[in-house]
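Please look over the sequence and the model shown below before reading on.

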Amino acid sequence: MELKEMVVLVSRSGRHLQRYNKGRRQVVGCIPYRYKVFTELSLVDEDAFEVLLISPQRKGKGLLFPKGGWENDETIEDAAQRETVEEAGVRGEVECKLGTWYFENKTGDTAYEGHMFPLFVTEQLDSWPEKEIRERTWMNVREARKLCQNGWMKEALELLVSRLTSQSKRTKGELFPGIERTSSGRATILPLGCRAQILSPPLPSSTEEA
């Protein structure tokens, strides 16, 4: 995909608007993904797409998907999109939620309620708020399974893989009952009640240092 013109963005800071549910801090994240190859509107298998992971702020072993606090002045989908732009520098279509997870930090003194969404990437930014402190890397699902450091994020990844690959096994008539095509030939589809968009094949995967 094309790299878009540089934009100046600033990450939100502070937790005065942070949402909590029964003492658990509510966080929202995305699994950004894009298709590598496809035939017409068919999804082949998990090798047909790749996902975007980022490095943690504190350098260490493993990578993760973008996520952060859900605040009182935004919807959960807006929070998912915002965190993905801030941490990974991509925009796209937030699709149906993968699930909710409950976990604690390593010291056990903070409890979290985590919500994860797929994000079908339609734009990759040259500049984003956390570019100087994070690296972002496109990789296949097998690599992501090995390198993702958080167990609950790995579970979310498996749910996304299951969703996309199970859709690929259905007939086109079942999966895409209605297709809207634009004048450019791109198609907007509504599979299983979720919005998704098929674009031209992206450029080969790349690693960018933050």
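A residue is called buried when its relative accessible area is under 20%, exposed when that area is over 50%, and partly exposed in between, with a 1.4 Å probe and protein chains only. By this definition, both Arg82 and Glu83 are buried. This is a predicted model, in which local features need pLDDT of at least 70 and side-chain atom pairs count only at pLDDT 80 or more, while totals for chains, interfaces and linings use all residues. Residues are numbered from 1 along each chain as its sequence is written, and side-chain values use heavy atoms, with hydrogens and water left out.

**The chain as a whole**

- The protein chain contains four helices and 13 strands, where helices (H or I, at least four residues) and strands (E, at least two) are DSSP runs numbered from the N terminus.
- Of the 210 residues in the protein chain, 49% are buried.
- The protein chain exposes about 11100 Å², of which carbon and sulfur atoms supply 49%, the areas being computed by the Shrake-Rupley method with a 1.4 Å probe and, for residues, with only the protein chains shown as cover.
- Among the contacts (heavy atoms within 4.5 Å) in the protein chain with a separation of 6 or more, 70% are between residues 24 or more positions apart.

**Helix H1**

- Helix H1 covers residues 76–88, and its 13 residues should span 18 Å at 1.5 Å a residue, which agrees with the 18 Å between its end C-alpha atoms; the expected span is 1.5 Å times one less than the number of residues.
- H1 is mostly covered, since 10 of its 13 residues are buried, including Ile76, Ala79, Thr84 and Val85.
- The buried residues of H1 pack against several strands, among them S3 (24–35), S4 (49–54) and S8 (111–125).
- After H1 comes Gly89, which has a positive phi, near 70 degrees.

**Salt bridges**

- The structure holds 10 salt bridges, each being a side-chain nitrogen of Lys or Arg within 4 Å of a carboxyl oxygen of Asp or Glu.
- Glu50 and Arg34 form a salt bridge in which the closest N and O atoms are 2.7 Å apart. Because Glu50 lies in strand S4 and Arg34 in strand S3, the pair ties together parts that are 16 residues apart in sequence. Both Glu50 and Arg34 are buried.
- Arg82 forms a salt bridge with Glu83, with the closest N and O atoms 3.0 Å apart.
- Glu158 and Arg145 meet through their side chains in a salt bridge of 2.5 Å, N to O. Glu158 lies in helix H3 (residues 151–168) and Arg145 in helix H2 (residues 141–147), so this pair ties together parts that are 13 residues apart in sequence.

**Glu95**

- Glu95 sits in the loop between strand S6 (90–94) and strand S7 (99–104).
- Glu95 is buried yet has no salt bridge, as the nearest side chain of opposite charge, Arg163, is 5.1 Å away; for charge, Lys and Arg count as positive and Asp and Glu as negative, while His and the chain ends are not counted.

**His115**

- His115 is found in strand S8, and its relative accessibility of 6% means that His115 counts as buried.
- His115 and Cys30 are 85 residues apart in sequence, and their C-alpha atoms are 8.5 Å apart in space.
- Leaving aside neighbours within four places in sequence, His115 is in contact with residues including Gln26, Trp70, Ile76 and Lys97.
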